[in-house]
Amino acid sequence: MKSANRYRPVIIAAVFILMSCFVLPASVLAESAKPPYKIGGIFSITGPQSFLGDPEKKSMELAVEQINQAGGIDGRMLEAIIYDTEGDPSKALNAANRLISRDNVIAIIGPSLTPTTLAVMPLIQRAQIPFISCAAGNKIVSPVDPWVFKTAQSDILAVAAIYEHLKSKEIKKIGIITVANAFGESGREQLVAQAEAFGLTIVRDETFGAGDTDMTAQLTKITKENPQAIVCWGTNPGPAVIARNVQQLGITIPLYQSHGVASPKFIELAGDAAEGILLPTGKILVADLLPDDDPQKKVLTDYMAAYGAKFKTPVSGFGGYSYDAVNILAKAMAGSNGDKEKIRSGIENLKGHVGISGTFNFSETEHNGLAPDAFVMVRIENGTWALID
């Protein structure tokens, strides 16, 4: 017994030394114990607009995964909480409210559509939470709200791209047909507002309902005014119906569509009636045709490869909107410690971010941050996209 007591201090010291080898410093433990930064996503994952929301959801998941694999943000992981709006403004509002009040997210990405975005914005303004929409309507960022940003190219730029092309073809008279919702109304405003500056006269101005299945009456009225081209503004399925109606009526003048149909889904819906249609799009649809010195080319090809590997399906340009939003948000969150005002300010002051939709340069008065070079003009040829001058 006396022998055992004699060695007890030595044993205790040895145990203490051994245990200390396996105990991490307090600072390391504290860092690893930090909860993740939670960010919300609300997209039209199912329903008629799933061609927008499904790739946006997947692209958000991809971007979060890549950021976490690279170490997260200031050592903290990102956690994405995503809800399906089904393209319904009331469901979008409910989802946003749930993200804010129950899930305690520090920022929200989405929705997919202009109408659902506009429905959510009053809540965002009251809650004062950073919000990056994936919809295109210019009304989202004009007038500027401090908390609201968007990554989709603006209607202003899309109309200008179409009108530049019309001007280059010496077209003077056009008919327009726009969907009767917030996206169509925003596009129509720009089509009307910019026409004079490009020497264009709108000889007929028609609309269609988002669920309409035949627009021959409107197209007949347009063609009676002898336009040299028709510009359609909407998102699927309506524009595909118009493309088929144009073919059925034997209309041979050029048909231009908005960037709202810049996905393979439009070609699928329109079939051979899509041939020859012209539209503005982000560069992702023609990434392989870009010159090697284009600053977006590597970003685009890397994203396309990663998306294809993870989801076993081709990318959609719409998915790029949420992919850009997550990466913009991540840059703004660095050093913020999750403070919403610091994140908001970080987005507003971000310059030179090369993304999928273009190169972003935000400011206090510019919450889309894209320039005209975010768009290229394409023509649908042989069921795919051809880059045009």
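**Aromatic contacts and pockets in the predicted model**

Tyr-323 has a relative accessibility of 11% and therefore counts as buried (buried, under 20% relative accessible area; exposed, over 50%; partly exposed, in between; 1.4 Å probe, protein chains only). The structure is a predicted model, in which local features need pLDDT of at least 70 and side-chain atom pairs count only at pLDDT 80 or more, whereas totals for chains, interfaces and linings use all residues. Residues are numbered from 1 along each chain as its sequence is written, and side-chain values use heavy atoms, with hydrogens and water left out.

A search of the whole structure returns nine aromatic pairs. Rings of Phe, Tyr and Trp (its six-membered ring) are paired if their centres lie within 6.5 Å; planes under 30 degrees apart count as stacked, over 60 as edge-to-face and the rest as tilted. One of the pairs joins Phe-149 and Phe-362, whose ring centres are 5.8 Å apart and whose planes stand at 90°, so the arrangement is edge-to-face. This pair links distant parts of the chain, 213 residues apart: Phe-149 belongs to strand S5 (residues 148–150), and Phe-362 to the loop between strand S12 (359–360) and strand S13 (376–381). Helices (H or I, at least four residues) and strands (E, at least two) are DSSP runs, numbered from the N terminus. Both Phe-149 and Phe-362 are buried.

Tyr-323 also takes part in an aromatic pair, with Tyr-303; the pair is tilted, at 4.5 Å centre to centre and 40° between the planes. Because Tyr-303 lies in helix H11 (residues 297–311) and Tyr-323 in helix H12 (residues 319–333), the pair ties together parts that are 20 residues apart in sequence. Tyr-303 is buried as well, at 1% relative accessibility. Ring pairs join Tyr-303, Tyr-307, Phe-311 and Tyr-323 into a cluster.

Aromatic rings also meet charged side chains. A charge is taken to sit over a ring if NZ of Lys or CZ of Arg is within 6 Å of the ring centre and within 35 degrees of the ring normal. The charged end of Arg-76 sits over the ring of Tyr-37, at 4.2 Å from its centre, and that of Arg-344 over the ring of Trp-147, at 5.9 Å.

Zero disulfides are present (pairs of cysteine sulfur atoms within 2.5 Å). Cys-134 is buried at 1% relative accessibility, and Cys-232 is buried with a relative accessible area of 0%.

Pockets were defined on a 1 Å grid over the protein atoms alone: a cavity is a set of points where a 1.4 Å probe fits but cannot get out, and a pocket is an open set with protein on both sides within 12 Å along at least five of seven lines, lining residues having an atom within 4 Å of a point. Grid points are joined across faces, edges and corners, and a volume is the space filled by probe spheres set on the points. The largest pocket has a volume of about 330 Å³. It is lined by 27 residues, of which Gln-49, Leu-52, Leu-113, Phe-183 and Thr-235 are the closest to its centre. Helix H3 (50–69) and helix H5 (114–127) each supply at least two lining residues, and H5 gives the most, with three.

The second largest pocket has a volume of about 200 Å³. Among its 13 lining residues, Pro-55, Thr-313, Pro-314, Val-315 and Ser-316 are the closest to the centre. H3 provides the largest share of this lining, five residues.
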